Amino acid sequence: MDDIKQLIGKELQDFEEKFADSVKSHVPLLDRIMHYIVKRKGKQIRPMFVMLSARLFNDHVPESTYRAAALVELLHTATLVHDDVVDDANQRRGLFSINALWKNKIAVLVGDYLLSKGLLLSLNNNDFRALQILSQAVKEMSEGELLQIEKTRKLNIKEDIYFEIIRRKTASLLASACAAGAWSTSQDDDATEQLRLFGEKVGVAFQIKDDLFDYGTAKIGKPTGIDIREKKMTLPLIYTLEHATPDIRRKIINIVKNHNTEKDRVDEVIQLVKASGGIDYTQQKMLQYRDEALAILHRFPQTAIRDGLESLVRFTTDRTF
């Protein structure tokens, strides 16, 4: 990550200032909340993908690239704020969530504010293509979330549905980040689509890595087994259910449905998943998507920026947090 930040360090620093400016308001309460949001920023993976995707086609980063990165971050933050309300989550990345500090009503309005700021940022600067790219992602994210809720109720998610959910829910935003970055410097439809597909593959691998954390011991800001407690059907569990004996399958489903708040029972499911080969299978799938993303990237000439993108892709699957 340090090498990547050296490549686009100035761009990221400039972006942070521009992003902080983009969320300012004339309401003191809102400004306090925006300051809290800016200060607790995460790894900035998506802005990095925007910047690197833009520089793949032009070493000069125009204002439209910064606006694309800000739009991605505004929409991403809005969805996180709303997700925490939906999930009744009190923490995000180890810090208090907006709804925990300021209650649900304010959190929903903050999410709406961030969404409107993103729309206005694009519309006021005639960034219609970037807005189109990101609006498609927001639509897909909502569809993915609702599809997951629908399927979780019945615990009948198959592997193809799982991939459809994470493609929409997580990968669509990373895909749009890469596409918006590429468009900002290339204005080329084919190049933009190539980077969109590249970002989608990376996004799927990224989500699979997150799902694997739920079965490990790495300190990632959430306790192990939380997906099981929330009855989320991720790939390790789906694989296990599809390959388990009828008795083991009934046992797992019973625990997930009726005993998902009991730590010992959740740990039992985790051990069954590990014993079934569910972890190994999921890791193989993650690496498959990573390699498909790199195959797309390698269609472009080798440069320091392309190497930086490759390093960022590998970080998403090698990270320990």
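Which side chains meet in a salt bridge at 3.2 Å, N to O? Select Asp21 and Lys24, whose side chains form this contact; a salt bridge here is a side-chain nitrogen of Lys or Arg within 4 Å of a carboxyl oxygen of Asp or Glu. Asp21 is partly exposed, at 46% relative accessible area, whereas Lys24 is exposed, at 52% (buried means under 20%, exposed over 50%, partly exposed in between, with a 1.4 Å probe and protein chains only).

The model is predicted, with local features requiring pLDDT of at least 70 and side-chain atom pairs pLDDT 80 or more, while totals for chains, interfaces and linings use all residues. Residues are numbered from 1 along each chain as its sequence is written, and side-chain values use heavy atoms, leaving out hydrogens and water.

Next, select Arg167 and Glu164, a salt bridge with its closest N and O atoms 3.1 Å apart. Both residues lie in helix 8 (residues 159-186), 3 residues apart, about one turn of the helix; helices are DSSP runs (H or I, at least four residues) numbered from the N terminus.

Proceed to Asp189 and Arg129, whose closest N and O atoms are 2.7 Å apart in a salt bridge. This pair links distant parts of the chain, 60 residues apart: Asp189 in helix 9 (residues 189-213) and Arg129 in helix 7 (residues 128-154). Arg129 is partly exposed, at 25% relative accessibility. The structure holds 25 salt bridges.

Terms used:
Helix = DSSP H or I, 4+ residues; strand = E, 2+ residues; numbered from the N terminus.
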